[in-house]
Amino acid sequence: MKKVRISVNGTWHEWIAEPKTALLDLLREDLRLTGAKQSCDRKGQCGACMVIVNKKAVRACLARIADLDGAEVITVEGLGTPENPHLIQEAFVLSGAIQCGFCTPGMIMATKALLDSNADPTEEEIIKALRGNLCRCTGYTKIIEAVQLAGRFLRGELSPDSLRPLPDQGGLGVSHPRPSALAKACGTAHFTADFRLQGALELAVLRSALPHARIVSIDATTAAAMPGVAGVMTAADIKGTNTLKYLVADRPVLCRDTVRYIGDPILAVAATTRAQAEAALAAVKVELEPLPVLDSPEASLAPGAAQLHPDFPNLCFNQPQVKGNAQEALRSSAAVIEAKFKTQINHQAPLEPEATIAYWEKSEDAEEEDKLVIIGRSINIHFHLAMLQAALGWENMKYVEAYSGGQFGIKIDVISEGIAGAAALHFRRSVRYIPSLAESMQMTSKRHSFALDVKLAADKEGKLTAYCNDFVVDKGAYYSIGHVVVHRALLMLSGSYNIPNVDARGRLVYTNNPWGSAARGAGPPQANFALECAMDMLAEKMGIDPLEFRLRNSLKAGQSKSTGRTVTEWPFPELLEALRPHYLRAVQEAAPFRQGKIRRGVGLAAGAFGIGGPGDVSVASVELDDDGGISIYAAAADPGEGNDSMLSQLTAEFMGLSMERIRLHTRDTDNTAASGPAAGSRITYMIGNALIDALRQLKAAMQEARAKTGAELEAAGKSRRYLGRKKNEDAGPLDTQTGQGPSFESQVHAVQLAELEVDTETGKVRVLKMTTAVDAGPVINPQNLTGQLEGGMDMGVGFALREEYVAGKTKDWVTFKFPSIKEHFQMETIIRETPRPKGPLGVTGIGEMCMVPTAPAVINAINNAAGVWICDLPATPDKVKAALARKE
Amino acid sequence: MTGSSAADLQPVVRIIGQRQIVFDNEGFLNDFSDWTEELCIMLAGECGLAELVEKHWRVIRFLREFYAGHGRAPLNSQLKKGTGMSLLELETVFPGGIKNGARRLAGLPNPKTCS
């Protein structure tokens, strides 16, 4: 032990502690300063814990207290509060640099250290200063802008008041700060691990290191007797179904007799401290008998392959899609290309680990059991609550969504909540399950790997005639949203184009790989990658300019998608025209760099992303308060996209109300309408529409009663509360034989332009600039929209060039190749605002479209630069180099 | 599960009284507003409840009224208070209990999944 004296935010503290104690633990555990976050397993990879020590930015997870005696530490809490924020905190809020907010405190502290020593840094200096801070949401553009703005504030050139929109400035088209932004900037927003939970047990979970095995025996005798251990929980201790049924009952909370992927949970140890739980876990003896490993869809579909789940075949879903006669059209077409594409298994990579806490609320009713409360990262609290009630066999529960450090689809399903809830029930205690990053990466769903066999044909005028796409999806070990991914790929299969003949098939195959589920776009990013590369291949073969080829083949109102559904609007050609000058400029600028070692390329790709799926229904409830303000009750999760802004600003616009008088209730199953998942880019379109419907009823009641407050409405004999609904007109399944049938009600359109350099010796690709033209209807919040676009492009480039999850090998942000600010590239956005007649105030969504065209634009640009096709993502330097070698 | 045998995962469209009504794969209405008393009586008959008596209607009406304002099912404490019935009685009076019986007959949709 060592005695140290450290000043934290101006107050001196004395500790007698282990010298190796990390400053981060001292801050979070002893002082309850939870602004500094933990993401990277204390490896110094992410910067989420950045604080200032003796005027320098320091990663608190790497700083040991033995080295800090006499040090002066400043955390984000020491800068300012939501009531009295620091100018840097204001700059991050007003720049729109805060989305999920998990990285924000660390970013702000790195910024402070920079600006304290350099009042007017260049962009290069900002990038250098923030090179240790990771962000998954923003693509870093707005963070760089925030640092520049903070510099202007601090130099006295500008004041926050001169930039901050007034609360009554209007709802649409105004970059009002997100309702949660200041709390995130000041470190007062509580993410799950930030809650103090008195007397809680800490959990550690044993997970399979084998991809497929039989559990022969478990001996936890020694572990159960170790210091601090409350007990060991296995599947036998779970009273409910022990099955987390999303669509199919195949995924256990804890495995009973078989493990099916690397990371499948076997048992949990509960102890007073996490260290005690981990020590006991190491003492548990589990005997696993390896079973044959189905490591690919081919292996699972091979004759004689073992069946992974007793109740379901390995080929767990198969959906054809047939429109017209593609085979005949292929035979009579002027040009046909054939290609095989493959995409990787990928992690969605939210910065926050998969934390859950659970505690008990005493029931005041003798007839009713106590209430089990789950706090976690759900984006569908009502559905997840129902899943947990069945799995755990406990009815009186509620789910509260904490602030969430990004999710990008990963939280469509229950992850760590099942084990935390089961342990709280088994031990009848509060529990904290705060897994490491490595464990979080193992346990979560992933983006599915797709293998796509494609043919695309056109007539001599360059009009598309036929498209064949036979794709196989590696489902991994568990179904989760399963066929929804295949459906979505088929519903959007023909992308932006009019393709009269389609012959496609999507197959979903169980394997012993990580289980796939939602990941920004969920199916279309993979399928659209193949289509958009095939478009360039065919354009190249026919000698037609890629932009011209896309324009010539755009779908038009009255024509039909691959599902056979005709569309009534298709504002895509206008987007291509808006991008045309940028495209021509890029082609011209790349022209001098067509030879030599470093070659420049330009690539285009488009997308038409469906929103508001067949049969989708949503609800939202509003109430007129006694001061004339409006409370909104809707479970519309906001893990960073800006849904809080959307709800507030639509309400402000429709009701003519100041932003300050709108109150959001969105996170608790006990007081929210069950509005459905924050997935499929549906929140703005579906919940926004339900909200407008509710407000319309409220407005009518207020006008009729001449009431301005809830009390006045009630005095007039009217309700103060109204439920709004949005129901899509198209409903029902696709035809199982033809894949024809209902489709999305709305589309968001985009086209992206990639400009990059290929090093022909190393195969390394450097993206110089991405430009996106997008039409999502009237813009609600310009900063939020461009923030989504920039973050999406950054994620799309990572998907195209670097990222991959390899089970057993990808364990942290370095092995994942998380995009850092060093890979930051220039971005530009072009916005068109064609109103959507059925959208809320004409609006539709954007959250996923922003990365759908990115990977094919990048791959098309690589081909444009170097004359090689990389059809197997990610396009790593090795693959590019090998393709160049093959070419020569 | 091939294309045809995956049908049990899909919504079910039924033609009832010349109306096309969408149910989820657990037999819950997809849309709260599709409910009618006639439909409720028909669904009750299908699950073995030959006659709906006053206490059934009391529960069903409370559930619908609550959902019409809040967009979710009531908590058990709210259901008890709203109907004047004990939990035990509420659980036993409907085949399938409160969750799979009363809520289904009252036309309350299941929480939405991803589609």
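Here is a short chat about helix packing, cores and the chain contact in this predicted model.

Trainee: Why are α16(A) and α24(A) called roughly parallel?

Mentor: Helix α16 (residues 524–542) of chain A and helix α24 (residues 854–866) of chain A pack at an angle of about 30°. Angles under 35 degrees count as roughly parallel, so that's the label this pair gets. Their axes are 8 Å apart, and α16(A) passes α24(A) in a right-handed crossing.

Trainee: Which residues in α16(A) meet α24(A)?

Mentor: From α16(A), A:P525, A:N528, A:F529, A:E532, A:C533 and A:D536; across from them in α24(A) sit A:A855, A:P856, A:I859, A:N860 and A:N863. By class, that contact has six nonpolar, three polar and two charged residues.

Trainee: What makes A:A60 stand out in the largest nonpolar core?

Mentor: That core has 301 residues, and A:A60 is among those with the most contacts inside it, as are A:L691 and A:V858. Helix α20 (residues 683–705) of chain A gives the most to this core, with eleven residues. As for A:A60, the residues it touches include A:A22, A:L27, A:C49 and A:V51.

Trainee: What does the second, separate core include?

Mentor: Among its 22 residues are B:V22, B:F62, B:I98 and B:A106.

Trainee: How do you know that chain B touches chain A?

Mentor: Contact here takes C-beta atoms within 7 Å, and 29 residues of chain B are in contact with 47 residues of chain A. On chain B's side, α2(B) gives the most, with three residues. That side divides into twelve nonpolar, 14 polar and three charged residues.

Terms used: Residues numbered from 1 in each chain as written. Chains lettered and ligands numbered in written order. Predicted model: local features only at pLDDT ≥ 70, side-chain atom pairs only at ≥ 80, totals over all residues. Axes fitted to C-alpha atoms, helices over the stretch in contact; angles between N-to-C directions. Helix = DSSP H or I, 4+ residues; strand = E, 2+ residues; numbered from the N terminus. Parallel < 35°, antiparallel > 145°, perpendicular 65-115°, else oblique. Left-handed = near helix turned anticlockwise from the far one by under 90°. Contact = placed C-beta atoms within 7 Å. Nonpolar A, V, L, I, M, F, W, Y, C, P; charged D, E, K, R; others polar. Core = buried A, V, L, I, M, F, W, Y, C linked by C-beta atoms within 7 Å. Buried ≥ 20, exposed ≤ 12 C-beta atoms within 10 Å, placed from the backbone. Lists of a residue's contacts leave out its neighbours within four places in sequence.
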